[in-house]
Amino acid sequence: MPRIRQFASDNQSGMCPEVAAAITSANPEHVPSYGEDQGTASAADLIRSTLGVEAEVFLVCTGTAANALALAACAQPFQSILCHESAHIETDECGSPEFFSGGSKLIQVPGADGLIDPQQLRAIATRRADLHYPRPRVVSLTQSTELGTVYPLDHLRAVAAVASELGLLVHMDGARFANAVASLGVAPREILLAGGVDVLCLGGSKNGGMIGEAVVFLDRQVALDFAWRCKQSGQLVSKMRFLSAQWEGLLQDGTWLRLAAHANAMAARLAAALRAAGIDPLHPVHGNAVFLGLDAAASARLRASGWSFYAFIGGGARFVCSWDSRADEVDELAVDILSALRS
């Protein structure tokens, strides 16, 4: 049967009303193009004040562009980027970081539940220092992770300590940063400072936006000439006011955290219903994603019931809640998952 809302990805959701209204309000008048409008300047100020940091802010269209260009600004072609083995930049961006950096190598670091192990980071970053090996330059953290978990502040501090010791920059893939902030219940600034973050790729499209992400450089030196990277890669949008307006809609009055908290709550509701029936998720449920072990037969039965979902990293089935997920639909999904497993 057709479903109005699905749980394959929070990318499948539409715009939240606040974003739709902001885009509409930005439409009637003629304004300067290529980000020279007042709305773009205001959006950058709003991002800085929301995060509680001084930073250079650039708006781009996609998360892949945000991550790849940010990492290219951090690393030379002969250097390397250390990331978790399940990181989005490693598994789902088609070599984009390597391409835009001109050859910087991604090096995988293990760790339970999608979280980089600080001791493994130190060991891998220091295992070679000869001229024949790409020199480590950046550690990339994903917050929330690809496995639906969230780095607690102490874990971030431990990773940041290793990065500082070894002279590594810290990049944070924050496609679901709002979900992490809502999960931890702390100010965004606390997460960024705990992680020693030099550049954050702040997600908007998964959080109720239509399209667009923000690249936020806390280290302004790293941001030098980044505007030219954006232009060269096709990320300087002529009608930038429509990207900018979305941030006004998301960040004003705390909308972004309210939406993220709702998505997290729906994922927690799904996990609780499954646990009550004796089914444990594959990973802790901190954010808006639930991973389950479904075999091929159970997956086929669930898809036949009208649900779409991804078979994900490590073979788990991923269910992602969105800003507009409804409790009754979550409950219906839980019933159908249990039916598919028991049949």
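**Sheets, cavities and packing in a predicted model**

Strands β9 and β10 run antiparallel and are joined by 2 bridges, where strands (E, at least two residues) and helices (H or I, at least four residues) are DSSP runs numbered from the N terminus, and two strands are taken to pair if DSSP finds at least two bridges between them. The structure is a predicted model, in which local features need pLDDT of at least 70 and side-chain atom pairs count only at pLDDT 80 or more, while totals for chains, interfaces and linings use all residues. Residues are numbered from 1 along each chain as its sequence is written, and side-chain values use heavy atoms, with hydrogens and water left out.

The protein chain as a whole contains 14 helices and 10 strands. Its radius of gyration, 20 Å, is close to the 20 Å that the globule rule gives for 343 residues, so the chain is as compact as a globular protein of that length; the radius is taken over C-alpha atoms, and the rule is 2.2 Å times the number of residues to the power 0.38. The C-alpha trace spans about 60 × 55 × 35 Å along its principal axes. Of the 343 residues, 55% are buried, a class defined by under 20% relative accessible area, with exposed meaning over 50% and partly exposed lying in between (1.4 Å probe, protein chains only). Among contacts (heavy atoms within 4.5 Å) between residues at least 6 apart in sequence, 78% join residues at least 24 apart.

A further set of pairings involves strand β7 (residues 213-217), of which 5 of the 5 residues are buried, so that the strand is largely enclosed by the rest of the structure. E213, V215 and F217 point one way from β7, whereas A214 and V216 point the other way, and all are buried. Strand β1 (residues 56-60) pairs with β7 in the antiparallel sense over 5 bridges, with F217 of β7 as the bridge partner of E56. Strand β6 (residues 199-203) also pairs with β7 in the antiparallel sense, over 5 bridges, and here L202 stands opposite A214.

Helix α8 (residues 177-184) contains the buried residues F177, A178, N179, A180 and V181. The buried residues of α8 pack against α2, β5 (169-174), α9 (188-194), β6 and α12, and the helix is followed by G185, whose phi is positive, near 70 degrees. Helix α2 includes T50, which counts as buried at 19% relative accessibility. When its neighbours within four places in sequence are left aside, T50 is in contact with P188, L251 and W256.

Grid points are joined across faces, edges and corners, and a volume is the space filled by probe spheres set on the points. The search of the whole structure finds 4 cavities of 30 Å³ or more. The largest cavity holds about 60 Å³ of space, and its lining includes R176, N288, F291 and R318. Strands β8 (289-292) and β10 (317-320) each supply at least two residues of this lining. The second largest cavity holds about 40 Å³ and has a lining that includes D10, N179, N288 and W323; the largest share of that lining, 3 residues, comes from helix α12 (residues 255-276).

The largest pocket has a volume of about 380 Å³ and is lined by 17 residues, of which Y34, G35, F58, L236 and M240 lie nearest its centre. At least two lining residues are supplied by each of α2 (38-51), β1 and α10 (226-232). By class, the lining of this pocket has 10 nonpolar, 3 polar and 4 charged residues, where Ala, Val, Leu, Ile, Met, Phe, Trp, Tyr, Cys and Pro count as nonpolar, Asp, Glu, Lys and Arg as charged, and the others, Gly among them, as polar.

Conventions:
1 Å grid on protein atoms, 1.4 Å probe; cavity = no way out; pocket = protein on both sides within 12 Å on 5 of 7 lines; lining within 4 Å.
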